[in-house]
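This report describes the pockets and the metal site of one protein. Please keep the sequence and the structure in view while reading.

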Amino acid sequence: MPLTWNIENLTIKLKHTFVITTSRQDDTKVTVYTLSDGQHTGIGAGVANNVTLETQESMAVALEQISQAAVEMGSTDPEELLPALAKRFAASPSAMMAFDGAIYDLAGRKAGLSVGDYLSRQFGTSNVRQTIATDHTIGFGTWDFIERSAREYVQRGFRILKLKIGGNFDEDFKTLSRLRQLVGPDIGILADANQGFSVQQALKIADEMHKNNYLFLEQPTPKDDLPAMAEVTRHSPVPIFADEAVRTLELARRICGQKMAHGINIKLAKFGGIRQGIEAVKLAEASDMDVMVGCYTEVSPSLAAGMHFARAFARVRYADIDGNQLMLNEPFAGLDLKQGLLQTEGPGLGIRSVKR
Ligand SMILES: [Mg+2]
């Protein structure tokens, strides 16, 4: 059977405006990709974003080209296709992620395995986890907003909160201890500055985070200033994670090689999907660095890819896979979130489209 595919652009409204240091968002624009071999259908999705600078239009164009290239290669095997295509379409990582997700979904469905189990088998990783805990992100807002959000998420069972900071140093500094007092000692909290601080500010924030038992600080300083991030990493009492700074495998090689952070945030949309994400995991492993699997404001097919990837590799310590929680609704089902634990059922990614 010849391969057939479908590319669809969706704009999904958010529950409220999501504000961080570098953006304000009322909706999210995704590109959904389905690929069928006549027997099984795989689904994946990419997201327009300001890190890889892809749009729905560019992703749709790239996905058409990637699909044609896959037909010419005459295979649907992830190992035969993905490394070569990721190299060829390195300029379109988020589009590549949509294709990669669909290919792994298809491979899992053919093998009768969840993608997490499929990866675990393929890469010989043991102790694959059945579920993975995700944090819940709190964007910029007044203290009232932060308090209301934190209470709601803790009540819903989340054990880790992620606080967006980096907009206003004095306010951020005060919020750190207030939030710790509010949720008590048993909830993990991390903070993400999205490049908002100088080295000095970052180190003051890191000290305050340490006093209040925070887990780690993400991307404290501007993404292109790697020496600044390395400097914060050398002196910070809490671990520093690179996110915007580690946008490509090349940058991951540099940041991990020189240990410019204690950990990296692997978002599949930055690297081109699961298969390239695995290469980033290997780099972190080689330097004994931590890994968090993160996401943008993404739909379930993307989040499920991140979840299966995260649960298959023991090196992944944290998951920030809550992108669809901000959406009013999305036309997908299958990604189950209970008590902060993510899970799917059945083979492949475990996601299905539902009628809009
Ligand atoms: Mg981040």
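## The second largest pocket

The second largest pocket has a volume of about 390 Å³. Its lining consists of 19 residues, and those closest to its centre are Ala86, Ala90, Thr248, Leu249 and Phe271. The model examined here is predicted.

Four helices each contribute at least two residues to the lining of this second largest pocket: H2 (78-88), H3 (93-111), H10 (268-271) and H11 (274-286). By residue class, the lining of the second largest pocket comprises 10 nonpolar, 4 polar and 5 charged residues.

## The largest pocket

Strands E1 (4-20), E2 (23-36), E6 (160-164) and E10 (263-267) each supply at least two residues of the lining of the largest pocket. Strand E2 gives the most, with 5 residues. The lining of the largest pocket divides into 8 nonpolar, 12 polar and 12 charged residues.

## The magnesium site

Which residues are the protein donors of the magnesium ion? They are Asp192 (OD), Glu218 (OE) and Asp243 (OD), which lie 2.1 to 2.2 Å from the ion. Along the chain, the donors follow the spacing D-x25-E-x24-D.

Glu218 and Asp243 link distant parts of the chain, being 25 residues apart. Glu218 belongs to strand E8 (residues 217-218), whereas Asp243 lies in the loop between strand E9 (240-242) and helix H9 (249-257). Are these two residues buried or exposed? Both Glu218 and Asp243 are buried.

Terms used: Residues are numbered from 1 along each chain as its sequence is written. This is a predicted model: local features need pLDDT of at least 70, side-chain atom pairs count only at pLDDT 80 or more; totals for chains, interfaces and linings use all residues. Side-chain values use heavy atoms; hydrogens and water are left out. Ala, Val, Leu, Ile, Met, Phe, Trp, Tyr, Cys and Pro count as nonpolar, Asp, Glu, Lys and Arg as charged, and the others, Gly among them, as polar. On a 1 Å grid over the protein atoms alone, a cavity is a set of points where a 1.4 Å probe fits but cannot get out, and a pocket is an open set with protein on both sides within 12 Å along at least five of seven lines; lining residues have an atom within 4 Å of a point. Grid points are joined across faces, edges and corners, and a volume is the space filled by probe spheres set on the points. Donors are N, O and S atoms within 2.8 Å of the metal (3.2 Å for Na, K and Ca); water is not among the atoms, so sites may look incomplete. Buried means under 20% relative accessible area, exposed over 50%, partly exposed in between (1.4 Å probe, protein chains only).
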